[in-house]
Every structure is written in C-alpha cells, then in structure tokens.
Amino acid sequence: MPAAALLLLGGIVVCFFGRKMFRTSLAIVGFVLGAAAASSVFGVSDRMPMLVAGIAGGLIGAVILYAAYYIGVALVGAGFGAVAGTVAFSVADREPPVVAVVLFAIAGAVPATYLQRHFLN
C-alpha cells in the first residue's frame, strides 16, 4: 500500500508540475522499485532486515533512476553522433571504421550532455 501511495504521488507530480519535477518523480519511482526489489529478498517475519534492505534499496534505486536521466541524454546524443558519422561516410561511399563511429558518438554525447539544460527544461 505505501508503494502505491508513493507511485500515485509521483504520477500526480508529473501530471501537474510537468518537466520541472520530472527528475524528482524519477527518484520517487526509483525509490519504490529499489525498495520493493531489495525488501523482497527477506521473508515476512524478518521485519527489521526487510526494513533496512528496503530503505537501502530505495535509496540506491532513486540514485540510479535519477542518474538514468543524464545517461539517457548522453545516449541520445551519442546516437545522433553515430548516425551523423555513418551518413558522412556513406556520402563518400565508404564503410565507416569503428573508431570513427565511436569518435562521432563521443562528439555527439558531450554536447548533448552540456546542452541538455537548454533543450530539456
């Protein structure tokens, strides 16, 4: 029941406060999922270990989903960079080397990470 209440709270935050509170709602959902995963290791009779595992797993889950926002932005930028590199080589009728695609991906991920504040908020 508490998990449902936290998920409902996260949904209301996203619904009414939009992009401003999106990362906060990701942290709320991450906390609930992490707590559920970690506390499911213990049996119902082990209340104190289940509580400790739930809190620790919840904090870890919140950090992971909060970080996933930034990792996702970098992955999208890397994808655009890799596509741009592949297109640039295909215009010249050449197969792109792996190193070139990786460098183009890095060249796309770095600006996406630095510019995410201007485009996503």
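Predicted model: local features only at pLDDT ≥ 70, side-chain atom pairs only at ≥ 80, totals over all residues.
Figure 1. The protein has four helices and zero strands, and its elements follow the order α-α-α-α from the N terminus on. Of its 121 residues, 27% count as buried.

**Figure 2. Overall dimensions of the protein.** Taken along the principal axes, the box filled by the C-alpha atoms is roughly 65 × 35 × 20 Å. The radius of gyration of the protein is 20 Å, whereas a compact globule of 121 residues would have a value near 14 Å.

**Figure 3. Packing of helix α1 against helix α2.** Two packed helices are described by the distance between their axes and by the angle between them. For helix α1 (residues 2-17) and α2, the axes come within 9 Å and cross at roughly 165°. An angle over 145 degrees counts as roughly antiparallel, and α1 and α2 are therefore roughly antiparallel to each other. The crossing in which α1 passes α2 is left-handed. On the α1 side, the residues that meet α2 are A3, L6, L7, L9, G10, V13 and V14; their partners in α2 are S25, I28, V29, F31 and V32. By class, this contact of α1 with α2 comprises 10 nonpolar and two polar residues, with no charged residues.

**Figure 4. Packing of helix α2 against helix α3.** Helix α2 (residues 22-39) and helix α3 (residues 47-91) have axes that come within 6 Å and cross at roughly 140°. The two helices, α2 and α3, are therefore oblique to each other. In passing α3, helix α2 makes a right-handed crossing. The contact of α2 with α3 has, by class, 16 nonpolar residues, seven polar residues and one charged residue.

**Figure 5. Residue D93 in the loop between α3 and α4.** Which loop holds D93? D93 is placed in the loop between α3 and α4 (98-120). The backbone angle phi of D93 is near 55°, which is a positive value in a residue other than glycine. Is D93 buried or exposed? Exposed means over 50% relative accessible area; D93 has a relative accessibility of 73% and therefore counts as exposed.

Definitions and conventions: Residues numbered from 1 in each chain as written. Heavy atoms only, no water. Axes fitted to C-alpha atoms, helices over the stretch in contact; angles between N-to-C directions. Parallel < 35°, antiparallel > 145°, perpendicular 65-115°, else oblique. Left-handed = near helix turned anticlockwise from the far one by under 90°. Nonpolar A, V, L, I, M, F, W, Y, C, P; charged D, E, K, R; others polar. Buried < 20%, exposed > 50% of the residue type's maximum accessible area, 1.4 Å probe, protein only. Rg over C-alpha atoms; globule rule 2.2 N^0.38 Å. Contact = heavy atoms within 4.5 Å.
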